[in-house]
Amino acid sequence: MLTLDKIYHASKVLKDVIHPTTIVRASAIDVGCELYLKPECLQLTGSFKLRGSGYKISQLTDEEKERGVIACSAGNHAQGVALAATKYGIKSLICLPDGAPISKVEATKAFGAEVCMVPGVYDDAYNEACRLRDEHNYTFIHPFDDENVIAGQGTIGLEIMNEMNDVDAVICAVGGGGLISGVACAIKHLNPNVKVYGVQAEGAPSMVKSLKEGKIVALDKVGTIADGIQVKEPGALTFEYVQKYVDDIVTVSDDEISTAILTLIEKQKMVAEGAGAAPLAAVMFDKVPVKGKKVVCVVSGGNIDVTILNRVIKRGLITAGRQQTLCIQLDDKPGQLLGVSKIIAEHGGNVISIHHERASEGEITDCILRIVLETKNFDHVKEISRSLKKAGFRLV
């Protein structure tokens, strides 16, 4: 049984393992509530996962430590197990899906683990880890469906309540459910009135579907930029704890997650991976009822793959109306581009790129002008578009 005493014990054990992450007031992010961030992206491994794996490994018997440990992960749990095992002088083998970001793979190796790459997604890596566990008698460190792991993650809930006992709601990302299970258990035992909300990616809603059907559901496929919560099936323990302690779980799109990542970078100077930004996305896009409330979003990790960061930022800009492409059908005659440019400049738009082509459709004397603009928001885009139309230009 997961108990508050166990979570308190985990908190005591982890004092020499983890880095304290003090809550940050996000006053620069205007979302209609008093917003705070729990920056687990600043944890030693860049993720909260060190808490669960650190406590689990600390509780192994001497015999289990001697045999070594094995784990599977999309990346963050891998680093947590690797660092914790190295700290306790234990051999670790980590199975990762072959789509895991290179940065996470290399970081896992740097923390002292041996890495085994497995074709597929997290669940395929899990099956291979189980096979190797049975073959070599390793101790398996589950990323979420283990009471000691959940207790370790629950220390985040204790810290939030210690720092801010008047909080109204806490929001966590949900993959397999280990983080929110521990956090919700701790918070609900300390103050049942505090709301605990979970957030999943639209492309990996395993816990949402499981709760809706009242039983654990395994998805056929998953896909999201939030690779840390890209899990096909929740755990048996976590499903039970989520049913018992969590008030609601919602979903957010990849575009909404991208916008939240961009917001954290711009407004808070904080880099979050997709899973880490999902709770903020839920608040920004009104997925949870927290208007006027005091809210803590757990920024669970910051290990975003830098090779996709540019694409994520671009998606965020487009979703927020900060970047827009206008296609304008023009008469192919001198002075047309000057007229368009003048209107855009008068309204404060910034031209990023222009592509001019003779139209393959429409009148033979027409041409198409594609302009990529940097804009303030969607209202700004509408303002520019209205002025162009008023001047006789045709937007297509």
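**Salt bridges and buried faces in a predicted model**

A search of the whole structure turns up 19 salt bridges, a salt bridge being a side-chain nitrogen of Lys or Arg within 4 Å of a carboxyl oxygen of Asp or Glu. This is a predicted model, where local features need pLDDT of at least 70, side-chain atom pairs count only at pLDDT 80 or more, and totals for chains, interfaces and linings use all residues. Residues are numbered from 1 along each chain as its sequence is written, and side-chain values use heavy atoms, with hydrogens and water left out.

User: How many residues apart in sequence are the parts that Glu-34 and Lys-294 tie together?

Analyst: The side chains of Glu-34 and Lys-294 meet in a salt bridge, at 3.8 Å from N to O. Glu-34 sits in strand E2 (residues 34–39) and Lys-294 in strand E10 (residues 294–299), so the parts tied together are 260 residues apart. Helices (H or I, at least four residues) and strands (E, at least two) are DSSP runs here, numbered from the N terminus.

User: Is Lys-294 buried or exposed?

Analyst: Buried means under 20% relative accessible area, exposed means over 50%, and partly exposed is in between (1.4 Å probe, protein chains only). Lys-294 has a relative accessible area of 17%, so Lys-294 is buried.

User: Which residue forms a salt bridge with Lys-56?

Analyst: Look for a pair whose closest N and O atoms are 3.0 Å apart. The pair links helix H2 to the loop between strand E6 (139–140) and H7, 90 residues apart.

User: Where does Arg-370 sit, and where does its salt-bridge partner Glu-357 sit?

Analyst: The side chains of Arg-370 and Glu-357 meet at 3.8 Å, N to O. Arg-370 counts as partly exposed at 35% relative accessibility, and Glu-357 likewise at 27%. The two are 13 residues apart, with Arg-370 in strand E13 (residues 366–374) and Glu-357 in strand E12 (residues 350–358).

User: Why are the buried residues of H1 on the same side?

Analyst: The buried residues of helix H1 (residues 4–13) are Leu-4, Ile-7, Ala-10 and Ser-11. They sit on the same side of H1 because of the arc they cover around the axis, taken from the directions from the helix axis to the C-beta atoms. That arc is only 115°.

User: Which exposed residues are on the face of H1 turned away from its buried side?

Analyst: The buried residues of H1 pack against helix H2 (49–58), helix H7 (147–163) and helix H8 (178–190), with contact meaning heavy atoms within 4.5 Å. The face turned away from that buried side carries Asp-5 and Lys-12.

User: Which strand is part of what covers the buried residues of H10?

Analyst: Helix H10 (residues 236–245) has the buried residues Thr-238, Phe-239, Tyr-241, Val-242 and Tyr-245. Their cover includes H7, H8 and helix H9 (206–213), along with strand E9 (248–252).

User: Is Gln-268 buried or exposed?

Analyst: Gln-268 lies in helix H11 (residues 254–268). Not counting residues up to four places away in sequence, Gln-268 touches Val-24, Arg-25, Ala-26, Ser-27, Ala-28, Ile-29, Leu-37 and Thr-263. At 16% relative accessibility, Gln-268 counts as buried.
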